[in-house]
Amino acid sequence: MRALTFLSTALVGNLFWVAAYAAPDTPTNHSREKRHSHSASKSAKPQISKAEDILVSARTVAGGRMVPQNGTKSRSEITQAYIAKQAPTPNVFKLLGNLPGANVASADPFGMVSGNMTIRGMNSDQIGFTVEGAPLNDIGSYMAFPTEWVDSENLNEVTMQQGSANLDSPVIGASGGIVTMKLIEPSHKMGATIAGSFGSYNTHREYVRLQSGDIGNTGMRAFVAWSHLEEPHFRGAGDDHKQHVDAKLVKDWDNGGRSTVAVTFDDSMKVAYLNPSLSAWQEYGRHANYTEKFSPTDTKYWKLHQSPYRVLILSAPQNIVINDKLGFDFTPYFYWNSGTIASASLMSENAIYSGTQKYSMDLNGNGTTTDKVMMYTPFGTPYVYRPGLVSKVHYNLGRHTLVFGYWFDWSRERMVNPYSEVGANGGPANVWGYLGNVKLSDGTRLASYDNLTITRVNTLFFGDTFNALNNRLRVEAGIKESMVSRIGYNYLPGAQYRTGMNVAVATPNLGARYRIDDHSQIFADVATNFRTPTLNALYNTYSATTGKIATQANPGQKTEYSISEEIGYRYQGGLVNGSITFFNYNFTNRQVATQVTVNNAQITQNINAGGQTSRGVDIEIGLRPWHHLHPYISAEYLHATIDNNYRVGSDYLPTAGKMAVRSPQAQASVGLDYDDGTYFAGFSVKYVGRQFSTFMNDQAMPGYVSADMNIGYRAPKILNTRPEIRLNFMNVGDNKYLSGVAGIAASSRATRGIYGSTIASQGSPTYYVAGSFAALATAKIDL
């Protein structure tokens, strides 16, 4: 209650200068009426036929890679028309890979491995992700795991907003933009879709979707979809597999309101790929991976790096229309997951550490405590419980649309790194790592990482959208006041038991769009963004073999804060659609994610890189169909520099003015799509320039070119169905390249500091290895 009172007081104080700052992405009077009328019409009209679907698809901009935009911010979007022609296996990172600013690091051919994505040099843990209004980033680390989200066949549209999140976005770590996903609409007609895929490395996938159609006169309709995927590894031993369910129920109300319930469940088992150093890649290429033969002392045996995960996401967006002026939106959601990042450690029986406490134990049961024994030591998340609610009221007052809202989010995240036995086959006795753990004499579980974090988020936001000059001019202004508190409990011996942090941040924003004529418009916005420190800042991590601190707790770590500016021009004509956007960012306390190895597990930590300045330009051009062809071009130039020297001990590395990590100066994509309603084909080629992996710019991964293709045929109608056959080809030409930076370092070689001392290498960066050439054949039929 006190937190709410504080937020309310702070917000009221900031409202006096709202007009000077920034804005929500709320619909205008006209756009909301259009949305409501569209919803109402959908409940009244029968579903269009399959032939009409194909015709609509053929008329989309750039084959579904672009959608006409009308907002005050830079935004790109892909639709089902594009998604439906891609392989059904890629995660959403891969689907967005050709949009301006998107730099995707793939780690396998088919998308079972999350890999990574940056937008304008901002890592995926700085980008917000939502599906049907529910947040998807891990609340503790902000990491994104797209392989656990929605199957591509069930995606209706994916929007990537490069510059900043929206006023009502339920995110606290999205200083680099936001990606929103919407599931397909349930059909008004009962039916089913059945598909099967088979391809390289004996990869196979099965998919079924059932449509209820209109359920009597209730105004409700629903779909439920199930899929199973198995993908043997393209390098090294092991295979990945998962089962997935998506479902959506929609109720259209007579006055234009809508109620939705969406469910996603994913159950997967993945074997990790080793992310090699540059030297290992240069020496071993794709063979730089976990070992395939078991040895009692080899912690890199592949069976010790199997990671199971289960995820459940529930969302229930509710749009309530009171009258033409007043409406409410409520989105309650619930997120749950449980999983393990697998690893193993070689333990000396007479020197086993839990925190700072040393123990002597007979781990192999031979009556002595002088052996070295390999133990399974995974970083596990037994559970994450995360309910939340986004609520807002919007009111039309003449030319103004006012919005006032509140977002509440509460989470309880348990993390543990226990010790358990390695089985006779070289794999863990229990792959989850929570059973069969080594216990102390008092029954306590032996662990090197053991904590519970409770996070509370309270956010109030207010905004105004003003339309003038017959809706040619739109101005959006708003402010958000966010308070984030974390309470941590560290159960390790010698560690501080209770710790915490509290952050309160106000983030105003302002944007405008002016339509010059029916085809041309200019837009500009200024936005502030923030990113609170991750939960890792609360806890020391300790070596399981020495008891020394591996990473130091820093509960006082400062919140990242950024100011972004954009100005751009859009042209949306009968044939050509395009946009150009100039952008600039200024960061303080820039938090950069890196992968570090703790007890042989690759986990994510964050480095405070100080200030950063990023500026550049995005270009996107697409055509509506011209002789059944849909060309597409996107490009970005990015100049991102570090503003501060980086402290190491009592000296500083001279990093000021160096290029930021994971920030290629140039990238471009060219695509072409052909679709005459029966035959379709397409290709895309992506170039990404060199990317630095150290703050000192003393190591970088080379630039690369990749290409994908597809070809397909829609058969004539057979018994009121139209079967489809599709072939997808990934990494055409089998280019062997590193696709992205996984783990960064301040420097990779000894460097003279600004005070004259010699500063040793601060680590060895690691990299994602791109998937090899692969082909996938898919047959689909709609019933």
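User: Which residue meets Asp 252 in a salt bridge here?

Analyst: This is a predicted model, so take the distances as computed from it. The general idea is that a side-chain nitrogen of Lys or Arg within 4 Å of a carboxyl oxygen of Asp or Glu counts as a salt bridge. Here the partner is Arg 258, at 3.1 Å from N to O.

User: Are Asp 252 and Arg 258 buried or exposed?

Analyst: Both of them are buried. By the same rule, the count for the chain comes to 25 salt bridges.

User: How do I read a bridge like Asp 675 with Lys 85?

Analyst: Look at the gap, then at where each partner sits. The closest N and O atoms are 2.8 Å apart. Asp 675 is in strand β36, while Lys 85 is in the loop between α4 and α5, so this pair ties together parts 590 residues apart in sequence. Asp 675 and Lys 85 are both buried.

User: And what does Asp 151 pair with?

Analyst: Arg 205, with 3.3 Å between the closest N and O atoms. Asp 151 lies in the loop between β5 and β6 and Arg 205 in strand β9, so that pair ties together parts 54 residues apart in sequence. These two are buried as well.

User: How many positive and negative side chains does the chain have?

Analyst: There are 68 positive and 61 negative ones, and the centres of the two sets lie 3 Å apart.

Note on methods. Residues numbered from 1 in each chain as written. Predicted model: local features only at pLDDT ≥ 70, side-chain atom pairs only at ≥ 80, totals over all residues. Heavy atoms only, no water. Lys, Arg positive; Asp, Glu negative; His and termini not counted. Charge placed at Lys NZ, Arg CZ, Asp CG, Glu CD. Helix = DSSP H or I, 4+ residues; strand = E, 2+ residues; numbered from the N terminus. Buried < 20%, exposed > 50% of the residue type's maximum accessible area, 1.4 Å probe, protein only.
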